[in-house]
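These are my notes from going through the model. I kept to what could be looked up in the coordinates.

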Amino acid sequence: MSKNAIIAGLVVFVAAALFPFWFNIGGTNAAPEIELSEKAKAAKQCVLDKYDMRANHMSLLDEWRDSVVRDADRMYKSTNGKDFGMSLSTGENSCLGCHTDKAKFCDRCHTYASVTPYCWECHTDPKEVTQ
Amino acid sequence: MKKSRRSFLKAAGVSAVAIGAAPAIKAVAVASGGAATNASAAVKSRKTEALSAHRWGMVIDTSKITEEVAEAVVEACRKAHNIPDFNHEPDQEKYPDTRPVDHKQEIKWIWEEHYQHAFPEMEDEFLAEKFRQLPFLVTCNHCKNAPCVQACPTKATFKREDGIVLMDFHRCIGCRFCMAACPFGSRSFNFRDPRPFISEFNPDFPTRSKGVVEKCNLCAERLAKGLQPACVEASEGAIVVGDLEDPESEVRALLNENYAIRRKQELGTEPSVYYVM
């Protein structure tokens with residue numbers, strides 16, 4: 001008698017605990033495809049290599065911000081020998097200078113990962129503000 | 001296999017030494033290897049055309065500031081830094097439900113002031129009438145002993161090596177201690193999102209967000225590109241910016257040749273903005 005109740009309880013518990021997994025099976029939650037702009041495709045290489053950028057771009061931006069604001073250093077020669085302007089959105093060799101489509105590059109992934117960085121409360125997408 | 005107490009202790013002792021030494025060996029290896037990786041590390045630098053100084057300062061020739069020049073200067077600064085203008089009617093489509101403005105909350109980087117307000121301690125009953133009429137342009141004085149820097153609890157406001165009192169908007173928590181500390185009223189607080197009140201965005205400079213303080217940055221972003229500050233460009237020669245510690249500089253030449261005053265000098269903040277009378 002109590003054995004059945006325990007097993008039934010366990011089944012309910014396991015099902016509830018694994019809810020996020022079975023709920024998403026076959027769902028439309030595939031990771032978004034990042035669309036690289038023509039310019040970014042042509043450049044082939046970002047500041048760091050792809051996986052490092054994916055994991056650590058926020059630390060890099062943080063480092064850049066301190067360097068620009070505190071030390072007035074605005075040029076960055078990365079370890080792969082390429083030159084960048086340490087800016088999120090201003091200039092040809094800034095982040096948005098190359099990744100020209102913010103919606104398809106930044107937002108798509110941030111939305112999927114459910115992170116809401118407040119960069120854009122102050123920084124502006126040049127395409128958006130000049131139209 | 002039988003082990004004697006002696007051989008067990010020996011083995012234990014050797015292992016303990018090995019475990020203890022591991023971090024030290026690792027540290028040495030990292031230190032020697034680190035030097036090699038540093039050679040290929042990323043390099044941060046300034047642009048070659050960037051303007052530099054030991055201590056930036058500004059000289060304003062009050063005789064050359066007319067009403068038109070003053071307006072042009074304020075407008076140039078506003079455009080360069082995306083400063084909101086509360087007289088601008090917000091776009092209803094883009095920013096619906098914008099609450100009515102309170103003009104006391106205006107944002108100012110450089111603005112016109114009357115003599116008796118710019119230099120209250122020098123107010124005089126028999127002051128020449130022309131001084132009462134002249135527009136005086138006032139802004140952040142980039143003081144040598146800046147009280148706002150001392151007041152800021154997060155180091156969002158700091159003094160750069162070249163004398164510019166600068167803000168890191170990312171770090172500002174909006175406590176407004178700096179506004180209380182500044183004797184010149186040079187700082188403004190964003191009581192609301194400024195974006196609806198920006199008529200024309202300059203994509204080369206960010207806006208601010210609600211809850212941060214802002215003030216003149218002596219166009220640090222333009223100096224870094226080798227450009228003169230926006231106010232200097234718009235002033236038709238009335239404003240000169242240069243190195244106060246370089247005896248050969250234009251600002252020092254102006255100070256040598258003319259009688260110049262600073263605002264509230266008696267407070268000891270050592271302002272870097274001079275007014276040629």
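Which residues have the most contacts inside the largest nonpolar core? I found B:Ile60, B:Val73, B:Cys77, B:Ile110, B:Leu137, B:Cys231 and B:Ile239, in a core of 65 residues. A nonpolar core is a set of buried Ala, Val, Leu, Ile, Met, Phe, Trp, Tyr and Cys residues joined through C-beta atoms within 7 Å. Buried takes 20 or more other C-beta atoms within 10 Å of a residue's own, exposed 12 or fewer, and partly exposed lies in between, with C-beta atoms placed from the backbone. Helix α2 (residues 67-81) of chain B gives the most to this core, with 5 residues. Helices (H or I, at least four residues) and strands (E, at least two) are DSSP runs numbered from the N terminus.

Conventions, for the record: this is a predicted model, in which local features need pLDDT of at least 70 and side-chain atom pairs count only at pLDDT 80 or more, while totals for chains, interfaces and linings use all residues. Residues are numbered from 1 along each chain as its sequence is written, and chains are lettered from A and ligands numbered from 1 in the order in which they are written.

I then looked up B:Ile60.

An open sheet of 4 strands runs in the order β9-β2-β11-β10 with mixed pairing; two strands pair if DSSP finds at least two bridges between them. Why is one side of β9 (239-243) and of β10 (260-261) without a neighbour in the sheet? Both strands stand at the edges and each has a single partner strand. β10(B) pairs with β11 (residues 273-276) of chain B in the antiparallel sense over 2 bridges, and B:Ile261 has B:Tyr275 as its bridge partner. I also noted helix α9 (residues 250-257) of chain B, which lies across β2 (56-61), β9, β10 and β11 of that chain and runs at about 115 degrees to β9(B). Axes are lines fitted to C-alpha atoms, for helices over the stretch in contact, and angles run from 0 to 180 degrees between N-to-C directions.

Last, the contact between the chains. I get 19 residues from chain A and 22 residues from chain B. On chain A, the elements giving two or more residues are α4 (50-71), β1 (75-77), α7 (119-122) and α8 (126-130). β1(A) pairs with β1 (residues 43-45) of chain B in the antiparallel sense over 3 bridges, with A:Tyr76 opposite B:Lys44.

Conventions:
Contact = placed C-beta atoms within 7 Å.
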